[in-house]
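I wanted a quick look at how this chain holds its parts together.

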Amino acid sequence: MSKKHKAIEGEIVTASGPWRDLLLVCRKCSRKLDGGFGEKNKHALPDAMKQVLRDLGRRRDVRILEVGCLGLCPKDAVTVMHGAAPGEMLVVPEGLDLTLLVERIGQATLPGGLTRGAAARS
């Protein structure tokens, strides 16, 4: 991302970023919960999700953006939209183990190439 891109009049220039995935998190839902995720359920979903990705060594793979209301407004949960599936909104309940969300968006692999679900079944 350190490369500078120059706008060219009359053209749209494509710039590449270091991320492979995008996660949109409803800011309004996140504020309503006032925490609810991470250690002792005291962190907001974006912060807790970033920590889970760091722990898995994948922080730079996923861009997490807080956006305005996505319109679903679930009780005791946060609405999340995966960039690869814009027509599908995910309802993430308060207190959920966020490795399940990482797994859902296709990013979580544990040592040995196992996903969390496969490791539990072994």
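My cut-offs for burial: under 20% relative accessible area I call a residue buried, over 50% exposed, and in between partly exposed. I'm working on a predicted model here.

I checked Glu88 against that scale, and at 37% relative accessible area Glu88 counts as partly exposed. Its partner is Arg104, with the closest N and O atoms 3.3 Å apart in a salt bridge. Arg104 comes out exposed, at 54%. Arg104 sits in helix α3 and Glu88 in the loop between β3 and β4, so this pair ties together parts 16 residues apart in sequence.

Next I counted salt bridges and got 3. Asp61 pairs with Arg20, closest N and O atoms 2.8 Å apart. That one links distant parts of the chain, 41 residues apart: Asp61 is in the loop between α2 and β2, Arg20 in the segment before β1. I have Arg20 as exposed at 59%, while Asp61 is buried at 13%. Asp61 also meets Arg58 in a salt bridge, 3.7 Å from N to O, and Arg58 is buried too. I noted Arg20, Arg58 and Asp61 as a linked network of salt bridges.

Then I turned to the largest nonpolar core, which has 21 residues. Among the members touching the most others I found Leu23, Phe37, Met49 and Val80. Which element gives the most to this core? I found it was α2, with 5 residues.

Last, I listed what Phe37 touches beyond four places in sequence: the contacts include His43, Ala48, Val78, Val92, Pro93 and Leu98.

Methods:
Residues numbered from 1 in each chain as written. Predicted model: local features only at pLDDT ≥ 70, side-chain atom pairs only at ≥ 80, totals over all residues. Heavy atoms only, no water. Core = buried A, V, L, I, M, F, W, Y, C linked by side-chain atoms within 4.5 Å. Buried < 20%, exposed > 50% of the residue type's maximum accessible area, 1.4 Å probe, protein only. Helix = DSSP H or I, 4+ residues; strand = E, 2+ residues; numbered from the N terminus. Contact = heavy atoms within 4.5 Å. Salt bridge = Lys/Arg side-chain N within 4 Å of Asp/Glu carboxyl O.
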